[in-house]
Structure formats: structure tokens, C-alpha cells
Amino acid sequence: MGTYIPHTDDELAGMLAFLGLSSMDELFAVVPEAVKLQHDLELADGVGEPDVLAQMESFGGRNRARNDRLVCFAGGGAYDHEIPSVTQALAGRSEFVTSYTPYQPEVAQGVLQAVFEFQTMVARIAGLPVSNASLYDGGSSAVEGVNLGVAATGRQTVWVSEGIHPHWRQMLATFAVGTGHRIVTVPLVDGVTAWPDGPDGGDESPGVVLVGYPNYLGCLEDLSTVRTLCDRTGALMVVGADPLAAGLLRSAGNWGADVMVGEGQVFGTSLGFGGPYLGLFACSSAHLRRLPGRLVGETVDVEDRVAYVTTLRAREQDIRREKATSNVCTNQTLMAVTAAVQLGWLGTSGLVEVATRCARATRYARDAVLAIDGVTPWADAPVLREFAVRLPRPADQVIERMADAGFLAGISLEGAVDGGGHGLLIAATERRTADQIDAYAAALAKAVA
Amino acid sequence: MPDETTMPTTTTGAPGGRAVSTPLLGGESEPTLFEFSHPGRRAWSFRTTGIPEVPVEDLVPAIHRRTAPVDIAEVSERDLVAHFTRLSHRQFSVDLGAYPLGSCTMKYNPKVCDTVAGLPGLAGVHPAAPASMTQGWLALLVELEETLCEVTGMAAATLQPAAGAAGELTGLLLMRAWHEAQGSVRHKVIIPDSAHGTNPASVTLGGYEVVTVPSDDRGCVDMDALRSVLDDDVAGIMLTNPNTLGLFEEDIAEIAAAVHEVGGLLYYDGANLNAILGVVRPGDMGFDIIHMNLHKTFATPHGGGGPGAGPVAVSERLVPFLPGPRPVRTGVDDVGAEFTWATPERSIGRVHTWHGNTLVLARALAYILVNGGDGLKRIAQVAVLNANWIRRRLHDAYDVPFDRPCMHEVVLSAKSLKAEYGVRALDIAKRLLEEGFHSPTVYFPLIVDEALMIEPTETESPQTLEALARALESIAAEAGELGAEAMAAHPLVTPVRRVDEARAARTLIPTFDART
């Protein structure tokens, strides 16, 4: 019933006549009968938009874990941050939403300049000179960071901290089957990575070392250890950094990282059940020509006016084909524009403010949770907006009980770290109030009892 | 000239897709956000929390603390809004006018799908919440998967891949896993010379070597050339059908038989799926693995270059290898759940951090539900009709290298204009911008000289098509009258004129801080 085709029946008939045809079916005469579909698709007929909206709302209604119904204490790489009206309004402008990749820069300066500003912001956050125009999500950035590192060093052994998001590690394992990289997981001990000793760190010298900052358990690791390790082994240092934490923490570049990868959902993108999110990727100038994905550069037009254009295109798949630095074509431009708007809204002082508020809420929540009988810290390392605790009963069970009290309690560490079944990862963003945290701690005390 | 008497009536109603009235004020550049910065100005505000204001020094140990804030910009909300609104006015979009960018399927994106993506019950859900609390999302994803399988004639699908290229790599890893499970080690993947660049790039990442096969003089895969490279070292072939010339590979059944004969698999690049909805299905053509670009065929907007979504569907024998975890139907258990997550027994693993570009997936399902099975077929019919109308309408003004019935797009060429007047496809594309239309795709596919690839899509009206055709016709005439130099000066009225791309690469300025 619903349609977005403007043609009237008369117009369709006229167009067919112009082509010397009398039916729509004749348009498909080139399709061999043997493969042609001999029946209608077994799908319902179209319905009106209001019917579809009602159906989609009913899907939403069946989701209990929505942040307007359960107070969100879950993080693990996806956070419940403030998304102001201004970000929604600007990022929702249809000129940004309904345009394609900026192949004609004369009529795509809006997207190109927004991405140029995004790249500048990401580079400053990373403390590195170059950022690309985005990748799919944090995990895809990690995969591309590892690919770049292997290409740069020519060594396929990759040391990955157990403190890297477990899903990123799963992705690294998936894609290593095609590339032939050897992924070695280096375990966490008391919340921080226990890097091997020795002149070259043990068996086979790594080409890439990947570490999280903060790591998956929320812990802050001393990255000077990683820099020393990379100097010793000649490996590239890739840091999976939380870009929002950069409001307070030293940048990846400041720690000596060669590449920063990260999840940019924290800058204005809704939880959305995990997508679309925003892969961040920044690196030192030495690796510019190995950069995956698109890059916007500034130049001038024929009247010498400032103009923006996608550049270093010879790296990309549509030109270099099988020798391209990556296969990425479509990225997450709209999320990059969203992040530029959100970061503009936060500004210099707001990025400090939001990180500080997260750290305060997390401190307040951690103190309240650790005051509960039987709940102990998973690790003693310092944290910023997320922390892990050990519960006296399985975390899955506690999470179900906490939902009845109105909370999404956190994420079970089952499968994420060794013996994680009783572990709960808890995040507190700037959106959490003292009252919410007090109520959460009271409910948790009952749920673990 | 076409026969005027058989042309559709286009005199009633103005062309809705012609964007010439757009006010593009002034010739000045928009400063960057950083240049609007003034110390102490701010836009942010946060909720009142009642949480004690512990000093930062007590929260973060000194070795982790930065010594100066990240310099972003210091602007008011008013200036922020003005800046990004002005940027949006410097941007062409489907909402503004017709966007006949070949191979990109830039159809109208229904607004109802924006509403869907913003529903609190969908947008506000944390991806790590347990299945028991996210039954609505799992139900939605399973319904979409089943729908996509019906549309493509496949057995099951993964919704994880975030874009077409991610889908391709997923498909190649599925191909590899399947061969390995057969105890077979193969090294080569065949790709026609008309393929998208992502195909060969994905093949390399999948650990395979690319073998390119040429197209024949009909614009389709050269069967003899294909047979000559087929052996038991071939893992599979990647095909786009209709191909990037907009032509249906009529020998598809023979191709499938030949590839299957040597134990290879057929991969379908779904970039052009819009052409065949409800008419012919990749599964029925013999394909084993396919990816779809939901941001093309199913109208989820392209966002200036993403987000997309690239689900991959497979035939029965490849289902055990699909990425996981994937949403599946289950019995009703003690908490009343109907859906859960399951990882197939021989899964290639995870290919997305979470569950895919889920809000894009929700948009696609809404789009399919509005159109329905009947509407999807109508989409393919009108998309093909529009492209053929353009082909016929313009075959006097431009070269049509493969002048036979096309599918959803047609590849024209400016070869003669270049030979006679030195006017190139690029010049035509730039000049068209001034007529209120986005340019076609140019210089692709690579096998056509001076290619102008036009994909009108089904959502452009006959009036818009006629206006587009007239604009292209008059530009071709102008090329002869004015010559190469005058044509190369265009566009004149766009926010910026031709851009110095060589300088951008030579003197690289990738950030504001790299300005000298």
C-alpha cells in the first residue's frame, strides 16, 4: 500500500510505449526464464506507514532493557551519555543524512568540511597528527590498526592484551584467518596486562602490540611499560583508547603510541543496540600512506578559496584494487559528523567536564557498591568511568534480579576474562545521579544477598 | 531525437528532482569551527546529580593525568548551530534533488524510517543487555533475516557486516571456511574486470589471489576466458548481476554450473540488487553467498558516506559457518523468551563489535514492510524502466557502448565528445551540477572510456527524468559550441568551483593544525 514511486499508471504506460514495450515484464526479457522467479515473493503486501510504525513500536515495547525504563549502569564500550537536542537536530539535518560519499567536492563541502573538523578533533584527542574519516566501529578500527602495524613492521605476530574488549579480540581472531596474523593474548593480572619479560619478550617477536586505555575492566595501565616493550621489540604500539576519557587522561600519542584506535559512540551516538557506531583511527605521520579508509584534506578551488576534498586516494580500493591498504569504502560518515557536532557542543571545557563527572560518579558508585557485604573489587588499579567487582553469586542471575528493581546492572564478565562468571562490570556516566546510585547500591545489596 | 509523439506526457508538473532554486549565497568560505572559538565561551550543560565534587587530583593518579585540556573549540550553541547549518547548505543531497549516481542507488529515503531509528524502545537499548531483556530487538532482527532470505532465495543470513565491503570479506572468509571443511586448500578467486574495487581488495584480505576475467563485446563475462581459468585451485567467483554496466549476465546458469563443476563457490555482490527485487533471486541463479547493501536497495540513507549495512546470506550448506552469535528463534522458556543468541557450530567468528548496524537494520525492515512483497517488485520494475527510458532518450546525444536493454542503470560514454571537442566525462559531470542534478558516476566501470554511469532509481518522476535528459542533451550540444576550455571552467555557481586535488595530495593538510 505504501509507495515512494511517483509515477502514475498513465505515465508508466507512456514510458513503456516510448521503449516499444507493452508490459513491465518485457523489461526483464533478458533474464532467462530458467532462473526467473515463478511466483510472488512470500512476503506480506505493503501497508501504510502508521501500521509499520505501530509494528516497530511494538518491537521496541518488547525491549525491557531500554534506558528510558531501566537505569543504565552497563558500559563495556557502549555508554549512556547525554545527547543534547542540538546534536540530534544538527546531525539529523537531511543534507548530511541523505547525501552519498563526497565524490563531487563542489557540491559536498558540507560533509567534507565537517569530516575535516572531525579529523582535527580526533587527532587532538589522540595526540597524533593524522586521523581518517572513520571506520565501522571500535573493533574494526582495532583490526585495521593491527593490519597497518603488520604492514609497517613486516611481522605478523600480534600481542593483544586481555584487557582489549573481548569482542574486538574475537574480531581480530576472525580476520586473522584471512591475513595470516598470529594473535597472541597476553593475560591480565590484577586488572593490568602482565607483559612477558625478556629481551624480545619471549618466543616470537611481535610486530604489533595492542593495549586498552582504560582497558575493558576500566583500569588504567601504565603505558610507559608498553612503549618500552615496543622499543625493545620494534613492534608498533597501538592503543585502544576511550576518546571521552581524554578529557582527563594523557593521550595515546603522549604515551608514545604509533596508532590510536577507539570507539566514538560516546560522542553523540545513541546506544542503538550496538550500531551504527563510530570507529576512530589516528596515527603518526610515518604511517600516513598506510592509513585505511578515507581521508579529507584541505586545498583550494580555482578561485583560491579554501576547499576540502578526499585525498591520498591512491591508497583506496577503487583505485588500488587488490593492493589497497584496506577494503573499506562506505564508512560511518554520519556518525563522524555527529561526533564533530557533539564535540563542538562540549568544547574544550566540556570534554574535561564530562570526563570529570564520569569519574566522580564512578568513584561514588564504586564506594557504594564495595560497601555491600560480599562484593569485592576485581582489581585495585585506578579507574575512570567503569569498574569491575566480584559478586558472591553469578553475575547473570544478579543482572536479572536487578532488572526487576529497575536497573540494567552492568555486564557479566563471563567469557570476557578468565573465571569471569561472578564478575560484574559497572559503568557510571555523567547521566547518573546520586539518588540513582544510592538506589542501585541498595538494590544490589538485596540482589546478591 | 526521440519520437515526440511516443514520449510520456511531461508537461504537467514541474520536475521535483531539479534543484536549481537552491540559494547558494555568496562566494565566501565557511570558517572552521576552530576559528569561531573564543576563550570562555561554551554550549554544554549537564544534569544536576548531587554527586560530591571530588577534586580531579583525588580521582586520577598523576601519571595518568593530562597537563592541559584537549583544545577542541570554545563556541556558543548559537554559533555551533549556525556553523553546521551553513555547512549543510553547502551539501547536495537526495532530499534536495535527483542523485543519479550509478551503482549507488540514491533513491529517496522515507522519513518514516528516521522516526523508526529514533524510537526510544530501539535507540535506547544497550547492546550487552541479556537476550531476556531485548526480545523486541531479537524478534526484529530475525524477521529481517527471514525477509532478506525470501527476497534473495537463500537459507540464512548474518546481519553483522557494517557495509558492503565488510560483507564481502565476511563472504570470502565463509568461502575459505567451507573449503577448509572439505579438506581443500584453494588460492584463487575470480573477478570480472567490471567489478567494484572493493571486490579485489576484499579478496586480498581474505587471503586469496585475484584472477581477473575480461568482459566480452556484449559487456558480460567472457565464457571462454572464464573456462580457461577454472581449475581446482579456484575457491570461487565474485559476480555482480546485473553487472556494473547495468547489464544482466544472461549466461548466469552456465557460469554457475562451470564454477560449481570445479568445486568453486559463487559470490553475489548485491550492490545492484535493486534491479531484480521480486523478479529473479541470487539463490535461484545458483549463488552460494551474497551480500546486500541495505543503504542502497532498502533506502537506509547513506549519511554522506555511511553508515551502511551489508548483511550476508548463504545457501544451506554454508549456514554452519555463519558469524556468531546470531539471533535465532527458540521455544518459549520459563521467562517467556522466544529468541536467543546462538553461535553456529563451525562459525567463522564475530565480524562486528556488536550485532551489526542495528538501527540501519531497523530502518530497512520498516522500508520493506511499507512496500511489501508487491511493492518490492514494483521498485525493480520502475527502476529498470527509468534507466531504459534514459538510455533510449539519450542515445543520440551520447555514446551508449552497450546499447541494448539495461537493468537499473545505464553506462553512457563521452568518448565521441572527447574525440571531437576534447570535452571529457568529468566536464559533463561538473556542468550538470549547475543544472540542479548530482553528477552520474564517472570513469567507472573501468572498462568503458569516459564512462557516465546513470542510475535514476525508481523514485524519480518522469518529469525529473525529462529535465535530467534535457540538461544532459544541452550540455552535449554546448560541448560542441563552446569547446573544451570553456567547459572545463564549470561549475561556476557551486559553493566552491573545481578543486585542486593534486595540491591536496602534494601538500597534505589533513587537520586544521596542519595549516601553515
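These legends go with a set of close-up views of a predicted model. Local features need pLDDT of at least 70, side-chain atom pairs count only at pLDDT 80 or more, and totals for chains, interfaces and linings use all residues. Residues are numbered from 1 along each chain as its sequence is written, chains are lettered from A and ligands numbered from 1 in the order in which they are written, and side-chain values use heavy atoms, with hydrogens and water left out.

**View 1. The largest nonpolar core has 131 residues.**
A nonpolar core here is a set of buried Ala, Val, Leu, Ile, Met, Phe, Trp, Tyr and Cys residues joined through side-chain atoms within 4.5 Å. Buried means under 20% relative accessible area, exposed over 50%, and partly exposed in between (1.4 Å probe, protein chains only). Look for Met56(A), Phe298(B) and Tyr398(B), which touch the most other members. Helix H12 (residues 358-394) of chain B gives the most to this core, 21 residues; helices (H or I, at least four residues) and strands (E, at least two) are DSSP runs, numbered from the N terminus. Domain 1 (115-368) and domain 2 (379-502) of chain B both give residues to this core, so it lies between them. Those domain bounds come from an automatic or database domain assignment.

**View 2. Here is Tyr398(B) with some of its contacts.**
Contact means heavy atoms within 4.5 Å. Leaving aside neighbours within four places in sequence, the contacts of Tyr398(B) include Leu412(B), Leu417(B), Ile428(B), Leu452(B) and Glu473(B).

**View 3. Two peptide bonds are cis, one at Pro276(A) and one at Pro242(B).**
In chain A, the bond runs from Gly275(A) to Pro276(A), with omega near 0 degrees. Pro276(A) sits in the loop between strand E9 (259-263) and strand E10 (279-283). In chain B, Asn241(B) and Pro242(B) are joined with omega about 0 degrees, and Pro242(B) sits in the loop between strand E4 (234-240) and helix H9 (252-261).

**View 4. The largest cavity holds about 330 Å³ of space.**
On a 1 Å grid over the protein atoms alone, a cavity is a set of points where a 1.4 Å probe fits but cannot get out, and lining residues have an atom within 4 Å of a point. Grid points are joined across faces, edges and corners, and a volume is the space filled by probe spheres set on the points. Among the 25 lining residues, Gly77(A), Tyr79(A), Trp168(A), Pro214(A) and Asp242(A) are the closest to the centre. Domain 1 (71-83 + 348-448) and domain 2 (87-341) of chain A both give residues to the lining, so this cavity lies between them.

**View 5. The second largest cavity is about 230 Å³ in volume.**
Its lining has 22 residues, and Tyr136(A), Val143(A), Glu144(A), Phe175(A) and Leu169(B) lie nearest the centre. H6(B) provides the largest share of the lining, 5 residues.

Notes: 1 Å grid on protein atoms, 1.4 Å probe; cavity = no way out; pocket = protein on both sides within 12 Å on 5 of 7 lines; lining within 4 Å.
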